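Work through the exercises below with the structure open. Try each task before reading its solution.

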Amino acid sequence: MHPVAHAEPRTKEEWRHYIDSAPPARPDLPSYSGYRSLSPARRRALNEARDLYHSALVIVNTKPMQRLHEAINRRLRTNACQPAGARRGLVIDGPPTVGKSTLVKIFAANFEGGLRSAHPERFTPEHVNEGYLVDYVPVVYISVPAEATPKDLSIAIAEWLNHPVRPGATKTHITNMVLKAMRLCGTELVIIDDVHFLKLSSKEGQVVNDHLKYLTNHATATFIYTGHDLSESGLFLEGRARHRATQTSGRNSLYQLQPFQISTAEERREWASVVKAMEDALLLYRHEPRSLALKHWRYMHERTGGSIAGLAELIRESAIYACDTGVEAVTPELMNDVVINEDATKRYAELLKRRTGGGSSPRRKR
């Protein structure tokens, strides 16, 4: 069966499908001579299996991931049995492509997996809470759409819980409805991803903060927010009084995620270890083992700006391109013909221009 690609989950059912789905299997490779002797149809089928495998590749358990997961775990444990009132949350801030969304989804999936192992009875269809037959939903994950209002946020939570919303219902009615539903469903972790898309200008910022305050006051859950440029946004600084902190800033810790740096020996080792973990997963016949991690780690940092998402994009597409061309190896020469995200591509072109005094830009794949 052909694996199904995953979009951002919008409902608890899509979330369960996301965390229950296995990545494409690692195909068994014959010897290179055996591969060359395959019929065109069988070779094409094997290459398709390799493409699927390389498209997912591996998610590396990096040190930034470990540190972030430890911080979220501590916050959840600290909040577990605290008295009534707003629980302290985390705001994860960082530029695009540093992996914020991926890291929080991995944590949430592991968190729910741990609960399934420890409390399987909660996940049965007959689970009862306060006399209601309920669906146990420990995790709510909301990806905020552009220009979202507080009402939009409450509707998104209702849609996640598959709770009907009456046409014309007010923000207050919907919010109180989802708060009750989250309590009955045992929600412990609420992730609001891309929170920078909320209207946080001087006019709407106070309304958004008041809404978030109301949600956290009345939900027995830990809230995690992700986004970029949040420390200077209306989420933390109120309206035009840029020195004046909001209540959101007083209730949440700010956790900064940044691209990998290579200024120190320790940073270089950490970056090379991430490259190595991805490289070791490659299924290519002529790739020199660990050549990327040992010889070309700096080139890969320059190409991606230290972005973990950019690195994964570069290695995945290069592996597929290596199969297509028959090169069967990921090399700097091959990677020069692979175009990744525009931000990284422009940054690398500027670096080459400075280095060569206005020389050529990296080649673009035809």
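**Exercise 1.** How many residues does helix α3 have, and how far does α3 reach from its first C-alpha to its last?

Solution. The model is predicted. Start with the limits: α3 covers residues 40-56, which is 17 residues. Next, take the span. α3 reaches 25 Å, close to the 24 Å expected at 1.5 Å a residue.

**Exercise 2.** Find which residues of α3 are buried, and where they lie around the axis.

Solution. Apply the cut-off first: buried means under 20% relative accessible area. In α3, Leu 46, Asn 47, Arg 50, Tyr 53 and His 54 are buried. Now look down the axis of α3. The buried residues fall within an arc of 120°, so they line one face of the helix. Then find their partners. The buried residues of α3 pack against α2 (32-36) and α13 (308-325). Finally, step past the end of α3: Leu 57 follows, with a positive phi near 50°.

**Exercise 3.** Describe the cover and the pairing of strand β1.

Solution. Begin with burial. Sort them by side. Gly 89, Val 91 and Asp 93 are on one side, Leu 90 and Ile 92 on the other; both faces are covered. Turn to β7 (residues 252-256): 5 bridges join it to β1, and the two run parallel. In this pair, Leu 90 stands opposite Ser 253. Now take β6 (residues 222-227), which is joined to β1 by 4 bridges, also running parallel. Here Val 91 stands opposite Tyr 225.

**Exercise 4.** What share of the protein chain is buried?

Solution. Buried residues make up 45% of the 366 residues.

Key. Residues are numbered from 1 along each chain as its sequence is written. This is a predicted model: local features need pLDDT of at least 70, side-chain atom pairs count only at pLDDT 80 or more; totals for chains, interfaces and linings use all residues. Side-chain values use heavy atoms; hydrogens and water are left out. The expected span of a helix is 1.5 Å times one less than its number of residues. Buried means under 20% relative accessible area, exposed over 50%, partly exposed in between (1.4 Å probe, protein chains only). The arc is that of the directions from the helix axis to the C-beta atoms. Contact means heavy atoms within 4.5 Å. Two strands pair if DSSP finds at least two bridges between them.
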